[in-house]
Amino acid sequence: PVQLEPVPERDNPQVIAHRGASGHAPENTLAAADAAADLGIEWVEIDVQRTGDGELVVLHDTTLERTTDVEAIFPDRAPWRLTDFTADEIALLDAGSWFGEEYAGEPVPTLGDYLDRLTVNHQKLLLEIKSPELYPGIEADILEELSNEGWLPEAYPGRRLVVQSFSAASVRAVHEQAPEVKTGFIGSPPVAELDGYAQFADQINPRHTGLTADYVDRIQALRGPHGRPVEVMTWTVNDGERAVEVAGMGVDGIISDVPDRVREALGG
Ligand code: G3P
Ligand code: CA
């Protein structure tokens with residue numbers, strides 16, 4: 001019989017800064033990582049995609065106009081899809097001014113630059129592969145970058161990296177290509193299908209709306225691909241009372257734009 005490890009006791013949930021501390025600084029910028037660090041938040045969530053010429057960058061939307069000044073810099077390039085731009089062009093954009101003039105000139109970070117900043121800040125990374133269907137092979141590209149930057153753990157469990165996606169195929173690819181990496185599936189699969197996800201995902205990370213204690217229990221009762229209880233990191237909780245509720249359901253992590261507010265609501 002397989003020897004199972006004991007289920008660990010659960011403390012207060014981990015609090016994770018969503019797109020960095022994106023309630024305090026422009027999302028997915030180095031400034032938002034720094035804002036989280038200034039609040040004492042170790043874990044930072046980001047979204048990673050790929051430029052037309054193959055550079056991995058930190059950006060949520062598949063187009064650039066919401067969070068950069070791309071319309072002013074490249075007025076003739078609508079609909080401003082990331083895939084239609086090179087890394088050199090992306091480097092010209094201002095991803096901070098839309099949030100506040102004090103952030104003018106904040107770039108769209110490359111994944112490499114972002115990893116360097118997290119290392120300086122002693123922070124940990126929940127890396128979402130965003131819209132992987134647009135970027136064939138992005139899983140291998142991300143793993144190579146993580147390896148080059150010294151972020152791949154030698155064995156499971158690593159202590160500072162989780163790679164997650166809404167795409168089960170993408171999470172499965174990461175697990176198969178680098179089994180030592182901790183993985184997460186974003187979503188709320190039907191209870192009857194949770195087993196299948198636990199074959200390749202160490203976490204199942206549901207939206208907080210509609211979340212129940214029973215659903216959290218059912219996930220945590222499963223053993224993930226490494227024989228440990230599957231974890232639950234719920235998103236995106238920006239209300240203190242709701243944070244207390246989901247903490248009461250026993251979630252392992254709460255992802256928030258305002259991690260300071262969540263931490264305070266949970267009593268430090
Ligand atoms: O970490 C999960 C959460 O980030 C997913 O939603 O749209 O903010 O990427 P979204
Ligand atoms: Ca995300």
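Okay, let's start with strand β4, residues 124-129: 5 of its 6 residues are buried, so the rest of the structure largely encloses it. Buried here means that 20 or more other C-beta atoms, placed from the backbone, lie within 10 Å of the residue's own. And the strands and helices I mention are DSSP runs, numbered from the N terminus, with at least two residues (E) for a strand and at least four (H or I) for a helix.

Quick note before going on: this is a predicted model, where local features need pLDDT of at least 70, side-chain atom pairs count only at pLDDT 80 or more, and totals for chains, interfaces and linings use all residues. Residues are numbered from 1 along each chain as its sequence is written, and chains are lettered from A and ligands numbered from 1 in the order in which they are written.

So who sits beside β4? Strand β2, residues 43-50, runs parallel to β4, joined by 6 bridges; strands count as paired if DSSP finds at least two bridges between them. Valine 44, for example, has leucine 125 in β4 as its bridge partner. β4 also pairs with strand β5, residues 161-165, again parallel, over 4 bridges. To get from β4 to β5, the chain goes through helix α5, residues 138-148, in a right-handed β-α-β crossover: with the strands pointing away from you, the path over the helix runs clockwise from the first strand to the second.

Now helix α1, residues 30-38. Here 7 of the 9 residues are buried, including Leu30 and Ala37. After α1 comes glycine 40, with a positive phi near 80 degrees.

Notes
Buried ≥ 20, exposed ≤ 12 C-beta atoms within 10 Å, placed from the backbone.
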